[in-house]
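Hi,

Here is the structure I promised to pass on.

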Amino acid sequence: MGNPRQPVPRDYPGVVAILVAILAVLLPGGLAFSVYRYLNGTAPITLVARPATNSTPEPARPSPGKKERQDPLISDSEFGDWNFRMGSVAFKAKRVSGWTYDSCAPVDRQGVLAENGCERAVQLAYSAYSGHLTAVQVIMSFPSEQAAKATAKHLAGSSRAVKWRRDRMLDEYVYGRIRSGASGRYVVYTAVTADRTAQARAARFHQSLQADHLSYFLFRGPAVTG
C-alpha cells in the first residue's frame with residue numbers, strides 16, 4: 001500500500017499562498033488552481049494535456065505583384081459556326097476549317113510576331129452566302145497586353161506580316177480587306193473577300209466578325225498584366 005498523504009502543517013498556508021501566486025504567473029489559470037487544491041488536500045491533482053502544436057509548415061503564398069496565368073491555351077476547337085445577332089443586325093457563317101499551332105512560326109511571315117513574343121496561334125476559315133463571301137481569321141496569344149497591342153498596331157499597317165490561308169479565299173473578288181485588333185493579350189487578324197453578290201454586306205460582316213471575336217477574349221479568362 002502507498003504511504004498516506006501527510007497533513008499540512010498549521011504554518012504552511014502562507015507558503016502555499018506564495019507558491020500559488022508564483023504558479024499563477026508561470027502556469028495557466030486552471031493548472032495553478034489544481035495545484036492549489038492539491039496542496040490544500042482538497043482534491044488530487046489532474047493535469048490536462050495541452051493540444052499539440054501543429055508543426056506542419058503553411059503552404060507558400062505567391063509573391064505580391066506576380067499573377068499566375070489562369071486562362072487556358074487557345075485552340076481552334078473553341079470556335080464553331082458563327083452566328084451573330086445584335087439588334088436588327090444578324091450574320092451567319094459556316095466554319096470550313098480550323099488549325100491550331102503550338103507556336104506562331106507557321107503564321108509569322110516577317111518575324112514581327114516572334115519579336116513581340118507570340119506564343120501560340122489558331123487559324124479559322126469561314127464561308128457565307130453560299131460561298132460568295134469567305135473569311136480567314138488568325139488569332140494569336142502573347143505574353144502581355146503590351147506585346148499584343150504593339151503587334152496589332154504593326155499589323156494594321158502591314159498585311160504581309162501574317163501568313164494566312166489564301167487558298168481558302170476567293171480568287172476573284174470585289175471586296176478584299178484585312179482588320180486587326182488586340183483584346184487583352186490576344187490579337188485577332190481577319191481577312192475577308194466577297195464577290196459582287198455579297199459585296200453590299202461584306203464590310204458590315206467583316207466588322208462584326210472582328211468585333212465579336214475580340215469581345216470573346218474579354219470574358220474568356222483573366223489576362224496577365226505585368
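**The disulfide**

Cysteine 104 is buried, at 4% relative accessible area. Keep in mind that this is a predicted model. Its partner in a disulfide is cysteine 118, with the two sulfur atoms 1.9 Å apart. The link is left-handed, with -60 degrees about the S-S bond. It joins distant parts of the chain: cysteine 104 sits in the loop between β2 and α3, cysteine 118 in the loop between α3 and β3, 14 residues apart. Cysteine 118 is buried too, at 14%. A search of the whole structure turned up one disulfide.

**Salt bridges**

In one of them, arginine 220 meets glutamate 78 at 2.9 Å, N to O. That pair spans 142 residues, from helix α5 to the loop between α2 and β1. Arginine 220 counts as buried at 16%, while glutamate 78 is partly exposed at 28%.

Another pairs aspartate 102 with arginine 120 at 3.2 Å. Aspartate 102 is in the loop between β2 and α3 and arginine 120 in strand β3, so the bridge ties together parts 18 residues apart in sequence. Aspartate 102 is exposed at 65%, but arginine 120 is buried at 15%.

Then there is aspartate 167 with arginine 165, closest N and O atoms 2.9 Å apart. Arg165, Asp167 and Arg168 are linked in a salt-bridge network. Aspartate 167 is exposed, at 52%, and arginine 165 partly exposed, at 25%.

Cheers

Methods:
Residues are numbered from 1 along each chain as its sequence is written. This is a predicted model: local features need pLDDT of at least 70, side-chain atom pairs count only at pLDDT 80 or more; totals for chains, interfaces and linings use all residues. Side-chain values use heavy atoms; hydrogens and water are left out. A disulfide is a pair of cysteine sulfur atoms within 2.5 Å. Helices (H or I, at least four residues) and strands (E, at least two) are DSSP runs, numbered from the N terminus. Buried means under 20% relative accessible area, exposed over 50%, partly exposed in between (1.4 Å probe, protein chains only). A salt bridge is a side-chain nitrogen of Lys or Arg within 4 Å of a carboxyl oxygen of Asp or Glu.
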